[in-house]
Amino acid sequence: METVNLFEYKEGKLLNVATIKNDRVIGKNRTTHEFTFLPNLAKNQIYTINQDTLIVRGFSELRKNSCLTDQDKRLWIGTEEGLYQVFSGGFETYKREFLPTIWSVVEDLDQNIWFASYDYGLKKFDGKTITSYSETKLEKYGYHFHFHSSVDKRGTLYFPNEKGIMAYNGSFFRPINRVGCLTSFYDRDRDLLWGGYRLLAEVYDRTHKLIRAIGIADGMEIKGYVVTIGKDKNGFLLAGWIYRALPLQLGHQRTD
C-alpha cells in the first residue's frame, strides 16, 4: 500500500496539505490549486488533484517521465517510448525516433512546446515541425536534462540538467549555475526562479543571481533530492522530494 504526501512550504516550515493512500485522499484535503504530477515513476500513474477531486490516470503500458497541461488544457506525457498527447480520452503519439526519452515538457510564450530528453538534448514543436537541439551542441551549457523545465514572464526558458540550470532567451543558451539540478520552478508573482537539488532548494532573481539557499538548517527537513516545486493560489510554495538515491550522475553535488 503506497502513501503519497503533498506538502506546502511556508516560512521555513512544511505543512502536509494532502495525503493519498491506495489512490484515494485520506483525511483533510487542504489543496487550493489544481496539480498534475507523477507521484512515483515506478508505479507509473499520473495524479491530478484539486480541492474537490482526485483523478488517477493509469496508462500502465507507458514508462512515463513527465507531464504537462498546456494553455489549451491538453495533457502531454513524456515517456521513454516517445511523446503522447491525451485528448478526450484518446492519444496522439509521437514516436520514440522523433521524441525519445522525454523527461520534461514546457510551453513557451509563443505556444511552442519544448521537450527535454535525458539522452538526446532538446526538441521544439511549433505545431507543425520539430526543431532539434542536439546534446552534442548543448553539452557546454547542459546535458542529461531532468524534470520540470519552466519559463519566465520575459520568455526565458529554464532546463534543469546534470550540469545545473540552462537558460534560453530565444537567441542563445547559457548556464546559470554549475551544480546538478533536478527540477525548476518560476514564481511569476515574485519574478524568482527556484531550483531543486540534493538536500536543498535555491532561489535566483531576474538576473539569475543566487539570493537564497534553503536546506535542512532552514527547517526544510529533507533527506534526499528535491524533484518538484510548485505554488498554490494563496502564494504557498510546495516542494516534493525522494529519499532514495537517483540513477543519475549529479557531479559536484553539495553535501550540506
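The following dialogue explains how several features of this predicted model may be read.

Q: What kind of model is this, and how are its residues numbered?
A: This is a predicted model, in which local features need pLDDT of at least 70 and side-chain atom pairs count only at pLDDT 80 or more, while totals for chains, interfaces and linings use all residues. Residues are numbered from 1 along each chain as its sequence is written, and side-chain values use heavy atoms, with hydrogens and water left out.

Q: What is the mean pLDDT of the chain?
A: The term pLDDT denotes the predictor's confidence in each residue, from 0 to 100. Where pLDDT is low, the predicted coordinates should not be read in detail. In this chain the mean is 78, and 80% of the residues reach 70 or more. Residues 89-93 have pLDDT below 50, and this stretch has twelve contacts in the model beyond near neighbours in sequence; a contact means heavy atoms within 4.5 Å. Residues 245-256 are likewise below 50, with 28 such contacts.

Q: How many helices and strands does the chain have?
A: Helices (H or I, at least four residues) and strands (E, at least two) are DSSP runs, numbered from the N terminus. The chain has one helix and 24 strands. Of the contacts with a separation of 6 or more, 38% come from residues 24 or more positions apart.

Q: Is Asn-65 buried or exposed?
A: Burial is judged by relative accessible area: buried is under 20%, exposed over 50%, and partly exposed in between (1.4 Å probe, protein chains only). Asn-65 counts as buried because its relative accessibility is 9%. Over the 256 residues of the chain, 53% count as buried.

Q: Which residues touch the most other members of the largest nonpolar core?
A: In soluble globular proteins, nonpolar side chains tend to be buried together. A nonpolar core is a set of buried Ala, Val, Leu, Ile, Met, Phe, Trp, Tyr and Cys residues joined through side-chain atoms within 4.5 Å. The largest core has 13 residues, among which Trp-114, Leu-122 and Phe-159 touch the most other members. The elements giving two or more residues to this core are β12 (113-117), β16 (157-161) and β17 (164-168). Beyond its neighbours within four places in sequence, Trp-114 has contacts that include Val-105, Leu-122, Tyr-133, Phe-159 and Tyr-168.

Q: How are the rings of Trp-76 and Phe-115 arranged?
A: A pair of aromatic rings is described by the distance of the centres and the angle of the planes. Rings of Phe, Tyr and Trp (its six-membered ring) pair if their centres lie within 6.5 Å; planes under 30 degrees apart count as stacked, over 60 as edge-to-face and the rest as tilted. The structure holds eleven aromatic pairs. For Trp-76 and Phe-115 the centres are 6.0 Å apart and the planes stand at 55°, so the pair is tilted. Trp-76 lies in strand β8 (residues 75-79) and Phe-115 in strand β12, so the pair ties together parts 39 residues apart in sequence. Both residues are buried. Elsewhere, ring pairs link Trp-114, Tyr-133, Tyr-141, Phe-145, Phe-159, Tyr-168 and Phe-173 into a cluster.

Q: Which salt bridges involve Arg-154?
A: A salt bridge is a side-chain nitrogen of Lys or Arg within 4 Å of a carboxyl oxygen of Asp or Glu. A search of the whole structure finds three. Arg-154 meets Asp-152 at 3.5 Å, N to O, and Asp-191 at 2.9 Å between the closest N and O atoms. Asp-191 lies in the loop between β19 (183-187) and β20 (192-196) and Arg-154 in the loop between β15 and β16, so this pair ties together parts 37 residues apart in sequence. Asp-152 is buried at 1% relative accessibility, whereas Arg-154 is partly exposed at 37%. Asp-187 and Arg-190 also form a salt bridge (3.2 Å, N to O). Shared partners join Asp-152, Arg-154 and Asp-191 into one network.
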